Amino acid sequence: MNKEEKYDLVLALTEQMKEYGNFYITDTSDLTVAKVNNIRRQCFDADITMQVAKNSLIKKAMEAAGGDFSPIYDVLKGSSSILFSKSATAPAKLIKLLRKKSDKPLLKAAYIDSAIFIGDDQLDTLTKLKSKEQLIGEIVGLLQSPAKNVISALQSGGNILAGVVKTLQERG
């Protein structure tokens, strides 16, 4: 790979990091070409972009993307593949699914909306993350709940008061 190709790859990785906002770095070393192609196919089906790149180029792309990626730099050893997705949990779920048949890919690190997760032991945590939309929906639901309770209480209280007034009027 010549300098221009390396530059183009770093530029492409940088753009993907900015565009997706989520990426996973995995270890796919010692996998056969057939297994890597199978992973690529499953990534494509799950709307995940997979890119194999040298660690030095991944680091340069992170530096160019801005932000503090320094905790990730230590895991950039050996063979690395980077998975990009709009969904924060899709790559984790795919990795977990793939791990049912093989011990790889291993999760080295994940970057999710400025949060950094280091190590394969974070895989279960990453599969359980909720999206921004899910969290907003839960917050709106929690905020609406007390208002609904107040309105319901006022309506039922109003009916009771109206019944008492009517009874008192009838008694004269």
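Visitor: How many of the 172 residues of the protein chain count as buried?

Guide: Buried means under 20% relative accessible area, exposed over 50%, and partly exposed in between (1.4 Å probe, protein chains only). Of the 172 residues of the protein chain, 35% count as buried. This is a predicted model, in which local features need pLDDT of at least 70, side-chain atom pairs count only at pLDDT 80 or more, and totals for chains, interfaces and linings use all residues. Residues are numbered from 1 along each chain as its sequence is written, and side-chain values use heavy atoms, with hydrogens and water left out.

Visitor: How many helices and strands are there in the protein chain?

Guide: Helices (H or I, at least four residues) and strands (E, at least two) are DSSP runs, numbered from the N terminus. The protein chain has seven helices and five strands. From the N terminus on, the order is α-β-α-β-α-α-β-α-β-β-α-α.

Visitor: Is Thr26 buried or exposed?

Guide: Thr26 is found in strand E1 (residues 22-27). Because its relative accessible area is 1%, Thr26 is buried.

Visitor: Which residues is Thr26 in contact with, leaving aside its neighbours within four places in sequence?

Guide: Contact means heavy atoms within 4.5 Å. With those neighbours left aside, Thr26 is in contact with Ser79, Ser80, Ser81, Leu83, Ile95, Pro105, Leu106 and Lys108. Across the protein chain, residues 24 or more positions apart account for 75% of the contacts with a separation of 6 or more.

Visitor: What is the relative accessible area of Lys6?

Guide: Lys6 lies in helix H1 (residues 3-20). Its relative accessible area is 31%, so Lys6 is partly exposed.
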